[in-house]
Amino acid sequence: MAQAFFGGVHPHDMKAATNEKAIEQLPAPAEVVIPMSMHFGAPCTPLVKAGDLVRVGQKIGEFRGLGAPIHASVSGKVKAVEPRPYSMGGNMMSVIIENDMHNTLSEEVKAPANPDALTVDEMVEIVKEAGIVGMGGATFPTHVKISGGIGKVDTVIINGAECEPYITGDHRTMLERPEEIIGGATYLAKMFGVDKVVIGVEDNKQNGIDAMNRVIAEKHAPVVVESLHCRYPQGGEKQLCQAITGKQVPPGGLPSNIGCAVFNINTTCAIFRAIVQGMPVVNKVVTVSGSGIVEPKNIECPIGTPVSLLLDACGGVKDGTYKLIAGGPMMGMAQYTADIPVAKGTGAILAFCEKEEQTVADPQCIRCGKCVSVCPMHLEPLFLYQYASKGMVDELNEAHIMDCMECGACAYTCPARMHLTHMFKTGKQLVKDKAAADKAAAEAKKAAQERKEA
Ligand code: SF4
Ligand code: SF4
């Protein structure tokens, strides 16, 4: 039975533009630009150089510490290894591959002889080598989430909420690839040693729920689908855990603190493809929508495909389009160029026309308290804004700014159009910078002390 979570808002879901459109395959791009950072953690080290020949699924980037490897998404010749713009802002070291259009599979891609006979350790290793990360946008390495949760997690949840307006890639995947979702969920049940996996889906996707229930019944899979009332940000890990289990993740904590692990729908499909076909993450389903798009679509394309090609495939952008966003309208990042590649965490590309812009030149808080009433993390956004804008780092820490999930619910509801979420990103960076400076100062003091004593 679905439970409530605190706060949240009800934006118009705007999904009608694409929710009945099947996923289209993009014609093969002539060139892909694969950034070496598409995961939470340090960027990968490139394993190839200009002039090398690569094949689909070949590992071209290796991680150290927290991360996931990166693979070639097309076959062809490495044209360059150099910094290029990417969706997180600035430039990132990238491997640029000229597509030979042969789509030749690497010999590194090997399907296990009997996937159902694999041990848990073998499955986790496959997930790691396949470069799977949270494909809903969080991009946390999936193998780390699984190995860290085994023995501690008793509730495995698949996140099918897809609560951000416009985005319909997960919904279409439920309709078109339910076997992959249920198969991936079944392998997750095996890895965690749980009797059942719960898929949480908002009730504006009833046909997706029906499609998955049909497969669960046919395969007698250890999976149940839970229908949830629509409310943003239900797809936040902590909110989904509370909606499914009724338990709250403690401040500063993770879902594993209450025995939960949450995986995105497309992540679950990637787990299935890796374990059954040996296929690493090389493709992504992206919703291209918004009032600035001539013909909105759901498109599957190789990782590294330039966003400009996706826009072309949708008839281009309309006159008056003023904003391009990678991600949803609530949590996505505005882009200054379409010359960025699709990455593992890219779920949507949205373009908007000028007439929708609702900004205020010099917004002033009127202390209405609406932002407090909708914050799902029980924060007080109006005070966070004041502290961040004045650089008050200690106060930001005491007000738990690091618990802010940047969901944008407060900014959405604010009648004064305050730039709340943007300011919280700045505030969180201030806190991180201060923590790093304090650590460096403490280390320098310790080293000086040691020299003195030597
Ligand atoms: S919703 Fe906006 S105007 Fe109202 S208290 Fe919060 S920041 Fe101020
Ligand atoms: S952006 Fe942060 S402060 Fe605003 S509602 Fe979301 S969690 Fe709360």
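A residue counts as near a ligand if its C-beta atom, placed from the backbone, lies within 6 Å of it. Keep that in mind for the two ligands here.

First, the ground rules. This is a predicted model, where local features need pLDDT of at least 70, side-chain atom pairs count only at pLDDT 80 or more, and totals for chains, interfaces and linings use all residues. Residues are numbered from 1 along each chain as its sequence is written, while chains are lettered from A and ligands numbered from 1 in the order in which they are written.

Start with ligand 2. It is surrounded by 15 residues, and the closest are Cys375, Cys404, Cys407, Ala409 and Cys410. Two elements give two or more residues to this shell: helix H12 (409-413) and helix H13 (420-453). H13 gives the most, with 3 residues. A word on naming: helices (H or I, at least four residues) and strands (E, at least two) are DSSP runs, numbered from the N terminus. By class, the shell around ligand 2 has 12 nonpolar, 2 polar and 1 charged residues. Nonpolar here covers Ala, Val, Leu, Ile, Met, Phe, Trp, Tyr, Cys and Pro; charged covers Asp, Glu, Lys and Arg; the others, Gly among them, are polar.

Now ligand 1. Around it are 13 residues, with Cys365, Cys368, Cys371, Cys414 and Ala416 coming nearest. Helix H9 (370-374) and helix H10 (381-389) are the elements that give two or more residues to this shell. The shell around ligand 1 divides into 10 nonpolar, 1 polar and 2 charged residues.

Next, the domains. An automatic or database domain assignment sets the bounds. Domain 1 is 115-277 and domain 2 is 370-450. Their centres, taken over C-alpha atoms, are separated by 30 Å. In the contact, 6 residues of domain 1 meet 6 residues of domain 2. Contact means C-beta atoms, placed from the backbone, within 7 Å. The side of domain 1 that touches domain 2 has 3 nonpolar, 3 polar and no charged residues.

On to helix H3, residues 169-176. Is H3 enclosed or open? It is largely enclosed by the rest of the structure, because 6 of its 8 residues are buried. Buried means 20 or more other C-beta atoms within 10 Å of a residue's own, exposed means 12 or fewer, and partly exposed is in between, with C-beta atoms placed from the backbone. The buried ones are Gly169, Asp170, His171, Arg172, Thr173 and Met174. They pack against several elements, including strand S9 (155-160), helix H4 (178-192) and helix H7 (265-277).

Look at H3 against H7. The angle is about 45 degrees, and the axes are 9 Å apart. Axes are lines fitted to C-alpha atoms, for helices over the stretch in contact, and angles run from 0 to 180 degrees between N-to-C directions. The pair is therefore oblique. For reference, under 35 degrees is roughly parallel, over 145 roughly antiparallel, 65 to 115 roughly perpendicular, and the rest oblique. Asp170, Thr173 and Met174 in H3 meet Ile265, Asn266 and Cys269 in H7.

Last, the backbone. Most residues other than glycine have a negative phi, and most peptide bonds are trans. Glu162 has a positive phi of about 40 degrees. Glu162 sits in the loop between S9 and H3, and is buried, with 30 other C-beta atoms within 10 Å. Arg417 also has a positive phi, near 55 degrees. Arg417 lies in the loop between H12 and H13; with 13 C-beta neighbours inside 10 Å, Arg417 counts as partly exposed. Finally, the peptide bond from Tyr232 to Pro233 is cis, with omega near 5 degrees.

Definitions and conventions
Two residues are in contact if their C-beta atoms, placed from the backbone, lie within 7 Å.
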